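Keep the sequence and the 3D view open as you read.

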Amino acid sequence: MRRFLILSLIISTLTMQGCAGQKINLGKVLDGISKSTQGGGLTNDEIISGLKQALQVGINKGADSASKLNGYFLNPMIKIPFPPEVEKVETALRKVGLGGEVDKFVMALNRGAEEAAKEAKPIFVNAILSMTFTDALNILKGEKNAATMYLKRTTSEQLIAAFSPVVEKALQKTQATRYYADLAGTYNKLPFVQKVNPDLKGYATEKAIDGLFILVANEEAKIRENPWARTTDLLKKVFGSI
């Protein structure tokens, strides 16, 4: 009987929101389930564990997408461009016929980010597993990017520390450092230009992390709009699907 009431609650909630043309609010649905199961059935711990599992699946997908070949380079949302503070370098070099060298540098830069992204998954997963009951409830009832913002607050320092040496190594491996040194050297020899020497490692690290959070935010949106798309056995139990 309880399971029937839970399922009815879910269906009625989704139906009302669907008819209103609104997106499903995962927090409201789970909150309703939680209230309906006081005194037996599903516990708050089970519901929160279901959220953690859903977030882990989504984050794994985001990290895997970023770290695969062309995960950054062919994704316009997160592709790392020529450093904006020295765009004049790119413009000047293309004008003198070095566009191909600029393109090689941009590809190498993104290859470095793809290599570094492999370090992100365990950091994100650890942050989710360390989530408190209050953290989880705030995410369930929060804005559409509440989980992403939680991860930004709790992992940014770790990500920078982990990414920085990996990015530096990856930039050397992909020859981005050499390409940029050559490009900057060529540009600095042009007449009447102000010499440039930006922090390539810092720029690549920052943009690589920004790209990861963009992907994580997209996965969070999918979870909130269609929780069943991220189903695990525990989530099936939480949503009364078995």
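Is D103 buried, partly exposed or exposed?

1. D103 is partly exposed, because its relative accessibility is 41%. Its partner in a salt bridge is R94, and the closest N and O atoms of the two are 2.8 Å apart. R94 counts as partly exposed too, because its relative accessible area is 37%. Keep in mind that this is a predicted model.

2. Now the overall plan. The protein chain has eleven helices and zero strands. Read from the N terminus, the elements therefore run α-α-α-α-α-α-α-α-α-α-α. The chain has 242 residues, and 44% of them count as buried. Its accessible surface is about 12,600 Å². Carbon and sulfur atoms account for 55% of that surface.

3. Look next at how the chain meets itself. Take the contacts between residues at least 6 apart in sequence. Of these, 79% join residues at least 24 apart.

4. Then the inside. The largest nonpolar core has 55 residues. Y72, F105, F124, L151 and F163 have the most contacts inside this core. The elements that give two or more residues to the core are α3 (44-67), α4 (87-95), α5 (99-116), α6 (120-129), α7 (133-141), α8 (146-173), α9 and α10 (200-225). Helix α10 gives the most, with ten residues. As a general point, nonpolar side chains tend to be buried together in soluble globular proteins.

5. Pick F124 and list its partners. Residues up to four places away in sequence are not counted here. F124 then touches I59, L151, T155, L159, L212, F213 and V216. L151 is also one of the residues with the most contacts inside the core.

6. How many aromatic pairs does the structure hold? There are two. In one of them, the ring centres of F82 and F105 are 5.2 Å apart. Their planes meet at 70°, so this pair is edge-to-face; the cut-off for that class is over 60 degrees. The pair links distant parts of the chain, 23 residues apart. F82 sits in the loop between α3 and α4, while F105 is in helix α5. Both F82 and F105 are buried.

7. Compare two threonines. T205 is found in helix α10. T205 is buried, because its relative accessibility is 6%. Leaving out residues up to four places away in sequence, T205 touches I160, F163, S164 and V167. T186 lies in helix α9, residues 176-188. T186 is partly exposed, because its relative accessible area is 32%. Beyond neighbours within four places in sequence, T186 is in contact with L93 and L98. T186 and L98 are 88 residues apart along the chain, and their C-alpha atoms are separated by 9.7 Å.

8. Back to charge. The count comes to six salt bridges, including the R94 and D103 bridge of the opening point. Side chains of opposite charge can pair when their charged atoms come close. E114 bridges to R111, with the closest N and O atoms 3.2 Å apart. Why are E114 and R111 about one helical turn apart? They are three residues apart in helix α5, so about one helical turn separates them. E114 counts as buried, because its relative accessibility is 4%.

9. Another bridge joins K118 and E115, with the closest N and O atoms 3.5 Å apart. K118 is partly exposed, because its relative accessible area is 47%. E115 counts as partly exposed as well, because its relative accessibility is 29%.

10. Which residue has a positive phi although it is not a glycine? It is N70, with a phi of about 70°. Most residues other than glycine have a negative phi. N70 is in the loop between α3 and α4. N70 counts as partly exposed, because its relative accessibility is 21% and the limit for buried is under 20%.

Key. Residues are numbered from 1 along each chain as its sequence is written. This is a predicted model: local features need pLDDT of at least 70, side-chain atom pairs count only at pLDDT 80 or more; totals for chains, interfaces and linings use all residues. Side-chain values use heavy atoms; hydrogens and water are left out. Helices (H or I, at least four residues) and strands (E, at least two) are DSSP runs, numbered from the N terminus. Buried means under 20% relative accessible area, exposed over 50%, partly exposed in between (1.4 Å probe, protein chains only). Contact means heavy atoms within 4.5 Å. A nonpolar core is a set of buried Ala, Val, Leu, Ile, Met, Phe, Trp, Tyr and Cys residues joined through side-chain atoms within 4.5 Å. Rings of Phe, Tyr and Trp (its six-membered ring) pair if their centres lie within 6.5 Å; planes under 30 degrees apart count as stacked, over 60 as edge-to-face and the rest as tilted. A salt bridge is a side-chain nitrogen of Lys or Arg within 4 Å of a carboxyl oxygen of Asp or Glu. Accessible areas come from the Shrake-Rupley method with a 1.4 Å probe; for residues, only the protein chains shown count as cover.
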